[in-house]
Amino acid sequence: MNGLIYFNSSKYSDLKIRCEGQEFNAHKIVLCGQSKYFSAMCDGDWKEGVDGVIELKEDDASVVKAMLHFLYRFDYDGSGNDQGRVSPMFFNSRVYSIADKYDVPALRLLAKEKFEEAVGTCWNMDDFVHVIPEVYDSTPPTDRGLRDIVVKVTHEHIKTLLEKKEFQYAIEETVGFAADIIRLMAGGGNLVRRKYECPNCNNF
Amino acid sequence: MLAGRGKGRIRPPRRGLASPAENIDFNTIWGELATSLHEIHTKDVSRLSFEELYRNAYKLVLKKMGDRLYENVKKFEEKWLREEVKTKIQNLLSGGNLINAATVGIIGMSTNEKRVAGEKYMKGLKAAWEDHNLCMGMTTDVLMYMDRVFCTDNNKPSIFTAAMGLFRDHILRSQVATEGSDSATIESILISVILDQIHLEREGDIIDKTLIRSCIYMFEGLYEAEGEDENEKIYLTSFEPELLNVSRSFYRSEGESLLRNSDAGTYLRHTAARLREEQDRCRSTISPLTTSKIREVVEEELLTRNIREVIEMEGSGLHFMLDDDRMDDLRLAYNLESRIDPKKTELQKAFQKRVVQMGTEINKAAKTTSIVAAPTNERESGKEIAAPATKVAAPNATALQSIAAIKWVEDVLQLKDKYDNIWTHAFQEDQGLQTALTRSFHEFINEFQRSSEYISLFIDENLKRGLKDKTENEVDAVLEKAITLLRYIQDKDLFERYYKKHLSRRLLMGKSVGGDVEKQMISRMKLELGNHFTQKLEGMFKDIALSGELTTAYRDHVRLLDDGSRERIELSMNVLTNTFWPVESWDSAAKATCIFPPDIERIKAGFENFYLSKHTGRRLTWQPNMGTADIRAIFPKVQGKDAALAKERRHEINVSTYAMVVLLLFNDLPAGAYYTFEDLQTKTMIPPNDLIRNLQSLAVAPKTRLLIKEPMSKDIKPTDRFYFNDNFSSKFLKLKVGVVAGGNRVESEKERKETEKRNDEMRGGIIEAAVVRIMKERKELPHQQLYTEVISQLRFTPDINMIKKRIESLIEREYLERVEDKARPAYRYLA
């Protein structure tokens with residue numbers, strides 16, 4: 001009846017997910033219904049399907065756990081508290097990235113919300129400047145989700161931020177970030193989308 | 001484990017794909033991916049990690065190398081198709097038979113070889129297609145992130161779609177190396193192989209439907225362009241047009257050979273079977289997309305093109321089916337023509353033609369009988385013997401004609417039954433065909449001049465009392481049907497005239513089965529023909545009913561006056577309203593008159609007084625030719641003869657009024673005296689024809705010989721002498737002296753002419769009345785419009801000349817005048 005209690009439960013578990021030495025009990029019916037990644041993997045004759053074990057390399061175990069938590073309970077703890085003292089900005093940005101990678105659209109929306117909230121309160125903290133390259137590197141350039149939030153907050157507090165040395169580095173090192181800021185400033189605070197207009201027919 | 005743990009500041013983790021520090025080498029990753037893709041294509045999957053493949057592709061896309069990945073995968077697939085898959089298929093073509101079959105035509109290959117080679121080829125392609133689908137399915141799964149992010153962002157077709165396009169271009173549409181033939185592609189060969197198989201199946205062979213269906217799936221799954229427009233399926237652009245072409249020529253030639261070699265029924269059944277087959281084929285072997293198109297082809301080639309010839313086929317076409325009541329074939333013909341022509345033109349034409357033919361034959365048969373009967377009729381008229389017994393044994397001419405009349409109606413009804421049945425059961429009560437049926441009956445019934453008379457006579461026959469061979473219900477059913485024939489009759493007034501005549505005889509001679517049945521008939525006619533039609537008929541019934549009351553009233557009246565001095569003579573009479581009854585048909589030859597004996601004259605006068613005292617202003621005319629009388633006769637003892645005559649004999653004899661008048665004359669005659677024919681005529685003034693007929697009944701007919709004629713012969717001559725027959729004897733107390741030509745029968749040609757003449761006269765009156773009515777209202781009317789309005793008011797089809805004459809006559813009598821100044825002729829009403 002209550003599917004929520006099966007999070008990480010071995011009961012009826014038909015799939016194990018390993019990540020960074022941790023192992024989670026999972027259920028195909030839960031995962032495959034919400035992520036095309038898992039359904040394609042389980043439907044084909046792949047090694048994972050045969051072994052019943054999915055090894056997620058190159059992912060953070062805490063982030064994977066948050067994703068699984070969401071898949072079972074439709075929410076996760078975005079505060080970063082149970083991750084030691086990881087900044088919620090970082091954590092939610094990672095969750096956003098994993099939701100994009102494994103195609104869980106609902107989680108992506110939730111992560112974005114949580115990220116926006118975190119950035120709104122924590123922009124003046126030291127690690128904000130480290131969040132900028134994180135955001136720009138973890139999603140494809142066309143994904144505006146977190147980028148717009150970062151750019152907007154930066155624009156609002158540009159003077160304060162410019163006083164930080166670390167921020168200067170971020171501007172210089174993060175590809176695309178400076179360009180986004182300029183576009184925003186040129187648009188008078190409104191984000192100007194990169195659009196291509198065909199001079200002949202006005203189609204994009 | 002996170003980098004920031006334990007320190008005062010939280011540092012972002014510097015590991016994993018998010019790290020910009022990690023350099024990604026496209027070639028390394030692609031190398032790994034390509035190996036795995038190859039393993040997918042060689043079906044060596046089980047050790048491949050989905051996670052790894054996906055992660056690699058994800059990384060490339062995330063690091064903006066999606067386009068390189070996309071292009072490399074395409075190149076990989078293209079190479080695979082060209083080098084691996086096509087080679088395999090090319091090998092299937094070794095020997096070149098199929099290529100020739102596709103491009104040149106099938107020569108020198110047995111059916112079996114052809115089929116085997118074809119199946120091998122199809123199997124090869126089917127396998128290649130299914131492999132390709134399977135591999136691309138897996139590849140697509142692995143490259144899901146690329147499809148979702150890179151393809152969407154850059155408006156590229158998904159890798160699956162792209163790979164399908166590659167299959168189309170590098171397999172199907174690729175040229176096959178051949179000697180001699182130029183443009184054979186794998187696709188063109190496949191199409192010709194499939195078409196060939198379908199041809200085999202049409203010829204009755206068994207083929208591998210599932211295999212063909214798989215190949216069709218391929219055509220259905222591929223598109224001309226990457227947009228995957230549903231109308232641009234290769235199935236629709238390449239395969240289907242060829243299929244339809246081939247099918248068209250197949251069915252065209254099949255239609256031609258069927259026309260030459262089969263009868264109509266076979267043709268239709270074959271066509272129906274073909275239609276079913278093609279539908280099944282679309283479902284099981286080809287594609288439902290083609291169902292309606294192939295149906296059209298078959299319908300056009302087998303039906304539209306040939307239906308007329310099939311229906312008109314000599315000895316087996318519709319003509320034959322109708323005559324032979326081939327319900328199944330008729331139904332089939334109907335269903336099949338309905339497919340191509342909602343009006344069923346050909347069927348309708350042939351149907352109508354045959355019904356009219358059959359009707360005309362019935363007409364002809366009736367006419368032949370009439371002609372055979374007619375001469376005898378003329379010769380024997382006037383010397384018939386009123387002996388019902390002999391009538392039945394050897395039908396005389398009149399009876400023969402009446403039988404012919406009844407037979408005509410029965411035949412027509414039978415014909416109607418037959419075609420109604422066909423219409424209901426084979427033609428699904430089709431509206432158009434019903435119209436055709438009605439039109440046909442209308443046509444031949446009205447072509448037959450005596451239809452009105454015959455139908456009325458038929459009804460008369462069935463309403464006559466004492467018919468034993470049918471139950472009441474049967475009679476009822478027959479009459480119901482007879483009434484429907486009235487619908488077809490154009491000159492309803494003529495029918496009314498005959499019906500009145502026949503009805504009057506039934507009523508006056510007491511021959512009708514009874515008021516209820518008659519009235520039921522009237523109400524049926526009322527339904528069928530309208531109120532005005534039956535008004536006069538109802539008047540006739542009213543007269544009869546009133547007359548009954550009058551007779552009783554008169555009898556009571558006389559009883560009061562009775563002084564007992566004389567033996568009373570009972571009188572019963574029918575007082576008929578002149579306009580309701582066909583009076584004119586009763587005294588056609590001469591005015592019905594006679595001098596009544598004084599006793600009778602007194603009663604007559606008595607009744608006239610009685611009647612006129614009740615209804616002043618009326619005029620009574622007596623119709624002695626219509627009445628009968630019961631007389632009591634006493635025959636004296638005749639000595640010396642046989643015992644039967646030795647005593648006085650009393651008989652009650654029913655005779656016609658005329659015969660009574662004649663017989664009463666003999667009361668005043670001394671024994672042994674006689675009257676000559678001339679004496680009788682001067683004394684009675686009975687019209688000669690009636691007198692002759694009555695004398696024949698009294699003096700010639702053996703069983704009712706109340707008078708003796710000298711010399712004894714059948715003919716009556718003016719000089720013949722008549723004696724009272726003292727020697728008359730009969731074992732019956734009651735006798736009836738038959739009246740010649742008493743019942744209803746067919747009119748002779750002369751009578752009919754007269755009837756028509758009278759009818760025309762009446763029509764003249766009706767037309768004139770209509771003209772006056774219209775003109776009075778409209779005052780002035782163009783010629784043409786007046787005609788149209790007149791015709792619309794009439795319930796018969798008038799002769800245009802008759803209208804013209806009537807208008808002229810009205811102008812002459814100054815009811816109308818011509819309007820001179822109008823460009824078009826017109827008339828004006830003169831008040």
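This is a predicted model: local features need pLDDT of at least 70, side-chain atom pairs count only at pLDDT 80 or more; totals for chains, interfaces and linings use all residues.
The secondary structure of chain A amounts to eleven helices and three strands. In sequence order, the elements of chain A follow the pattern β-β-α-α-α-β-α-α-α-α-α-α-α-α. Of the 204 residues in chain A, 51% are buried. When contacts in chain A between residues at least 6 apart in sequence are considered, 62% link residues that are at least 24 apart.

The three strands of chain A are arranged as an open sheet of mixed pairing, in the order β2-β1-β3. Strands β2 (22-26) and β3 (53-55) of chain A form the edges, each of them pairing on one side only. From one strand to the next, the twist averages 20°. Strands of a sheet pair through backbone hydrogen bonds, in either a parallel or an antiparallel sense. In chain A, strand β1 (residues 15-19) runs parallel to β3(A), and three bridges join the two. Within this pairing, A:Lys16 of chain A has A:Val53 in β3(A) as its bridge partner. Helix α4 (residues 61-73) of chain A packs on the sheet, where it touches β1 and β2 of chain A. The direction of helix α4 makes about 10° with that of β2(A).

A further packing arrangement in chain A involves two helices. Two packed helices are described by the angle between their axes and by the distance between those axes. Helix α6 (residues 105-122) and helix α8 (residues 145-156) of chain A pack at an angle of about 15°, and their axes lie 10 Å apart. Because angles under 35 degrees count as roughly parallel, α6(A) and α8(A) are roughly parallel to each other. The crossing of these two helices, α6(A) and α8(A), is right-handed. On the side of α6(A), the contact is made by A:Lys112, A:Phe115, A:Glu116 and A:Val119. On the side of α8(A), A:Gly145, A:Leu146, A:Ile149, A:Val150 and A:Val153 take part. By residue class, the contact of α6(A) with α8(A) comprises six nonpolar, one polar and two charged residues.

In chain B, strand β9 (residues 826-829) pairs with strand β7 (residues 780-782) in the antiparallel sense, over three bridges. In this pairing, B:Leu781 has B:Tyr827 in β9(B) as its bridge partner. Strand β8 (residues 816-819) of chain B also pairs with β9(B) in the antiparallel sense, over four bridges. Here B:Glu817 stands opposite B:Arg828 in β9(B).

Two helical residues of chain B were also examined. B:Phe320 is located in helix α14 (residues 318-323) of chain B. With a relative accessibility of 29%, B:Phe320 counts as partly exposed, because this class covers values between the 20% limit for buried residues and the 50% limit for exposed ones. Apart from residues up to four places away in sequence, B:Phe320 touches B:Gly315 and B:Arg326. The C-alpha atom of B:Phe320 is separated by 9.4 Å from that of B:Ala264, 56 residues apart along the chain. B:Gln352 belongs to helix α16 (residues 345-380) of chain B. At 15% relative accessibility, B:Gln352 counts as buried. When neighbours within four places in sequence are set aside, B:Gln352 is in contact with B:Ala436, B:Arg439 and B:Ser440.

Methods:
Residues are numbered from 1 along each chain as its sequence is written. Chains are lettered from A and ligands numbered from 1 in the order in which they are written. Side-chain values use heavy atoms; hydrogens and water are left out. Two strands pair if DSSP finds at least two bridges between them. Axes are lines fitted to C-alpha atoms, for helices over the stretch in contact, and angles run from 0 to 180 degrees between N-to-C directions. Contact means heavy atoms within 4.5 Å. Angles under 35 degrees count as roughly parallel, over 145 as roughly antiparallel, 65 to 115 as roughly perpendicular and the rest as oblique. A crossing is left-handed if the near helix is turned anticlockwise from the far one by less than a right angle, and right-handed if clockwise. Ala, Val, Leu, Ile, Met, Phe, Trp, Tyr, Cys and Pro count as nonpolar, Asp, Glu, Lys and Arg as charged, and the others, Gly among them, as polar. Buried means under 20% relative accessible area, exposed over 50%, partly exposed in between (1.4 Å probe, protein chains only).
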